[in-house]
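This briefing goes through one protein chain by topic. Please keep the sequence and the structure in view while reading.

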Amino acid sequence: MSVHIVALGSECPGGVGPGDETTGPGQIQGGLLWSYLGHGARELDPNSVTPSRHPLNPAFMEYQSRVFGDVRVMVRDCPSWDLLDSDWASVRSILEQADIVVIKYSVNDKLAFQQVRNVYAPRLRPLLRHWGVPVILVAVGARLNDDGPPCTCPLCASDWSSCVPHSEGLQLSRDLGATYLELPSLNNFFVGRYFGSVLEYFMIQCLKQKAKERPDKRRGHRINEPRPPHLDQPARLPSVRVEESSFSQDLQWLLERGVQFADVAFYAGDSGKELGWAHASILCAVSPYFRQLLVGRQAWERPVSRCTCRDRDGPHSLLSTWDGGIDDLPRADGHPPGHLSRLVVKDPLLCLCLWETLMFLYRGAWEWEYLEEAIAEKLKNPLAVAQLIDRIRSFVGREKVSVRQTGGALIIQQNWTVQRFFLMICMADLISQFLMLTVLTRSAVRLLAGSVLPAHRAVLVARCDVMAAMFSGKYAEARSRVVPIHGVSSDTFLAFLEYLYTDTCCPASVLQAMAVLVCAEMYQVKRLQHLCEVCVCAYLQSMPSRELASTGISVIRLLKKAKCHNADQLYVWLLHFIANNYLIFSHKPDFLELSDEEREQVERLRWPSRGYLQELSEYQQRRRQIRKSRCSIM
C-alpha cells in the first residue's frame with residue numbers, strides 16, 4: 001500500500017523565484033518533508049544528478065520513502081507557487097491523486113503569504129473541499145524582533161509589519177479547512193514530534209480507508225456468489241404533538257373572572273375604596289411576603305392592623321391587614337363561607353398600579369419587562385416607575401426560604417414561581433406544612449380519592465373545565481368542603497393535581513402514565529392526555545428488544561385502552577410500533593386480540609416485510625446449494 005503526499009510552497013524566506021529554472025538538491029533535502037522522512041527518503045532516479053521531476057508538470061519534484069515498515073510514501077513537492085501557473089490542468093490532476101496535501105510558508109515572508117492567501121487559496125479551496133483531502137498548513141520559522149532574539153509568541157505584535165501573524169495563518173487554515181501548525185525551526189524535535197505526529201495520524205486514517213475499500217473490490221470479482229437481499233429501514237414512527245402550555249393564560253383568566261372564588265380584597269389606604277380582589281393561594285405561592293402577611297405563624301390568632309412589610313431599616317409600608325377583618329363572610333350564591341382577608345394598600349403608587357402588579361404576580365412574577373412597560377404607560381414618570389419596581393421587588397422576595405420536613409431541611413432556591421410552590425403543596429410529605437393555608441382560604445376544598453388531598457377551588461376551576469362546571473354550577477360539590485372522587489386511585493389523582501398545579505407530568509411507569517391518561521380523559525384535560533401519550537411512547541421506545549419480548553406489559557391491551565379513551569395519537573403510534581416489532585409481538589398470545597382492520601394495517605406496515613423474508617429464504621437456500629457443490633468438487 002502507498003500514500004501520496006503533495007506539498008506546495010517553500011519553507012525558506014523568498015522561496016524560489018520565477019526565473020529559477022531548476023531547484024538544487026540541497027533545497028529539497030533541507031525541506032520539511034525530507035527532514036521528516038529522514039535517511040530513508042530517496043529520489044526516484046538515483047543515477048540522476050538533478051531531482052526527479054513529474055512527467056506531466058516539471059514544477060513538481062518527486063521522491064519516495066517507506067514508513068511503518070512496508071508502506072511506500074510518494075511525495076510530489078512544488079516549492080514555488082509561480083510555477084503552478086504554467087499548467088493548471090496538470091496541477092489539478094496531480095492534486096486529485098493526492099491522499100494528503102501539505103501547504104508550507106515562511107512566517108518571515110509576508111509578501112509570499114499574501115500572494116498565497118489572495119491568489120492561490122481561493123483556487124484551491126473548492127477543489128480540496130470537493131475531494132475531501134486532509135490538508136496541513138505549516139508555518140515555518142521564528143518571528144524576528146529588532147531589539148532582541150527571535151520571538152515565538154503568537155501574541156507578540158512587535159514584528160507584524162514584516163512577519164505573518166499567528167491570527168492570519170490560523171484564519172487561512174480555517175478557510176481551507178486545514179490543520180494549522182507552527183514550527184520555529186526544522187530540527188528533529190519540532191519536525192518529528194509535532195509535524196510528524198499529525199502527518200502520521202492522517203496517513204493511518206488514509207490506510208484504514210484504503211483497507212476498507214480493498215475487500216469490497218475483491219467481493220465484486222466473485223461471479224457466482226449470491227448477493228444478500230437489501231433490508232430497508234423500518235418506517236418512522238409518527239410523532240405525538242402536544243399543545244402549548246396555557247398555564248399563564250389560565251391564571252390570568254382566574255384574576256379577571258374568578259371573583260367568585262376570591263378570598264383577598266384590596267382597599268385604598270386614604271379613601272377606603274375597594275381596589276380589587278385576588279386569591280390567597282396564588283399570592284402566597286409567588287410572594288414570601290404575602291405568605292407571612294396572610295398565613296403567618298399566628299394565623300389562627302390574627303392580630304388587628306398587622307403589617308409585616310416593614311423592614312429593619314424602616315422603609316415605606318406597602319400593605320397591612322384591615323382593622324377588624326371580616327371572617328366567615330356568607331355568600332349570596334350559596335357557596336360555603338370562608339375567611340376573607342382584607343388588605344389596605346398604603347402606597348399611593350401601588351394603588352394606581354395594583355391591577356398591573358396583580359397581573360404580573362399571576363403570570364409567574366418573571367415578566368419584569370411587561371410590568372415596567374405597563375406601569376410606565378400608566379404613571380408617565382420614570383422616577384415613580386423605578387420606585388414602584390423596587391417596592392414590588394421587595395415584597396416578591398428572592399431570598400432563600402427554609403422549609404422543614406420529616407428527615408431533613410428542604411432549601412427552596414431563589415426566583416419563586418407558581419409552579420414550584422404548588423408542587424410543594426401537592427407532595428404528600430409537605431401537605432401538613434400547608435394545611436393551614438387550605439383551611440383559612442375561601443377556596444379550600446378536600447378531595448377524597450382513597451386519601452384526603454387538600455386543594456384550592458380557584459386553581460382547579462382555572463385549570464380544568466370539568467371542575468369549573470362542577471364547582472361553579474348548582475351541584476352538591478359547589479357547596480361542600482369535601483368532594484369525593486370516584487374511579488381514580490390516590491396516586492393517580494395526585495399526579496393529576498400535580499399537573500394542574502405545576503403544568504408538568506412525570507409518571508413513574510407505563511401503567512401509571514396510562515392511568516393518568518384515563519383520568520385526564522375523564523376531566524377533559526387534553527394537554528395532560530397528550531403528555532401521557534408522549535410518556536408512554538418514550539417508555540416503550542427506550543426498551544431493548546429482549547426486554548420488550550419478556551416484559552409483562554401488554555402493548556396490545558394498551559392499544560385497546562388508547563382507542564377506548566380517545567387517545568388517537570397513541571393509538572396510531574402503537575399500531576406502527578407493533579408493526580416495526582412484528583417478529584416480537586406476532587408470537588405473543590394477545591396478538592390474536594387485534595381486530596381484522598388492525599391486523600390488516602399491521603400486516604401492511606410490518607417490518608421486515610414478507611417480500612424481504614422470502615428473498616432471505618431464497619438467498620440462504622442458494623448459499624447452501626453452493627456449499628454443497630463446493631464440498632462435492634473437493
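Which residues are buried in helix 5 (residues 166–176)? In this predicted model, they are Gly169, Leu172, Ser173 and Leu176.

**Whole chain**
- The chain has 634 residues, and 47% of them are buried.
- Its secondary structure consists of 26 helices and 17 strands.
- Of the contacts between residues at least 6 apart in sequence, 67% join residues at least 24 apart.
- The accessible surface is about 33,300 Å², with 52% belonging to carbon and sulfur atoms.

**Helix 5 and its surroundings**
- Gly169, Leu172, Ser173 and Leu176 are the buried residues here. Viewed down the axis of helix 5, the buried residues fall within an arc of 100°, so they line one face of the helix.
- An α-helix has 3.6 residues a turn, so residues three or four places apart point the same way.
- The cover over the buried residues of helix 5 includes strand 6 (100–106), helix 4 (110–131), strand 7 (135–140) and strand 8 (179–183).
- Glu168 and Arg117 form a salt bridge through their side chains, at 3.4 Å from N to O. Glu168 belongs to helix 5 and Arg117 to helix 4, so this pair ties together parts 51 residues apart in sequence.
- Both partners are partly exposed: Glu168 has a relative accessible area of 22%, and Arg117 has 29% relative accessibility.

**Other salt bridges**
- The structure has 15 salt bridges.
- In one of them, Lys104 pairs with Asp77, with the closest N and O atoms 3.2 Å apart. Lys104 is in strand 6 and Asp77 is in strand 5 (residues 71–78), so the two lie 27 residues apart in distant parts of the chain.
- Lys104 is buried, at 2% relative accessible area, and Asp77 is also buried, at 5% relative accessibility.
- Arg463 pairs with Asp250, with the closest N and O atoms 2.7 Å apart. Arg463 lies in helix 16 (residues 457–463) and Asp250 in helix 7 (residues 247–257), so the bridge ties together parts that are 213 residues apart in sequence.
- Arg463 is buried at 8% relative accessibility, and Asp250 is buried at 15%.
- Salt bridges link Asp250, Arg463, Asp503 and Arg527 into a network.

**Aromatic rings**
- There are 14 aromatic pairs in the structure.
- Phe493, Phe496 and Tyr523 form a cluster through ring pairs.
- Arg463, a member of the salt-bridge network, also lies over the face of Tyr499, 5.1 Å from the ring centre.
- The charged end of Arg393 sits over the ring of Trp368, 4.1 Å from its centre.

**Backbone exceptions**
- Most residues other than glycine have a negative phi, and most peptide bonds are trans.
- Asp503 has a positive phi, near 65°. Its place is the loop between helix 18 (490–502) and helix 19 (510–522), and Asp503 is buried, with a relative accessible area of 12%.
- Gln524 also has a positive phi, near 60°. Gln524 sits in the loop between helix 19 and helix 20 (526–541) and is partly exposed, with a relative accessible area of 45%.
- The peptide bond between Trp607 and Pro608 is cis, with omega about -5°. Pro608 is in the loop between helix 25 (596–605) and helix 26 (610–633).

Technical notes
Residues are numbered from 1 along each chain as its sequence is written. This is a predicted model: local features need pLDDT of at least 70, side-chain atom pairs count only at pLDDT 80 or more; totals for chains, interfaces and linings use all residues. Side-chain values use heavy atoms; hydrogens and water are left out. Helices (H or I, at least four residues) and strands (E, at least two) are DSSP runs, numbered from the N terminus. Buried means under 20% relative accessible area, exposed over 50%, partly exposed in between (1.4 Å probe, protein chains only). Contact means heavy atoms within 4.5 Å. Accessible areas come from the Shrake-Rupley method with a 1.4 Å probe; for residues, only the protein chains shown count as cover. Rings of Phe, Tyr and Trp (its six-membered ring) pair if their centres lie within 6.5 Å; planes under 30 degrees apart count as stacked, over 60 as edge-to-face and the rest as tilted. A charge sits over a ring if NZ of Lys or CZ of Arg is within 6 Å of the ring centre and within 35 degrees of the ring normal. The arc is that of the directions from the helix axis to the C-beta atoms. A salt bridge is a side-chain nitrogen of Lys or Arg within 4 Å of a carboxyl oxygen of Asp or Glu.
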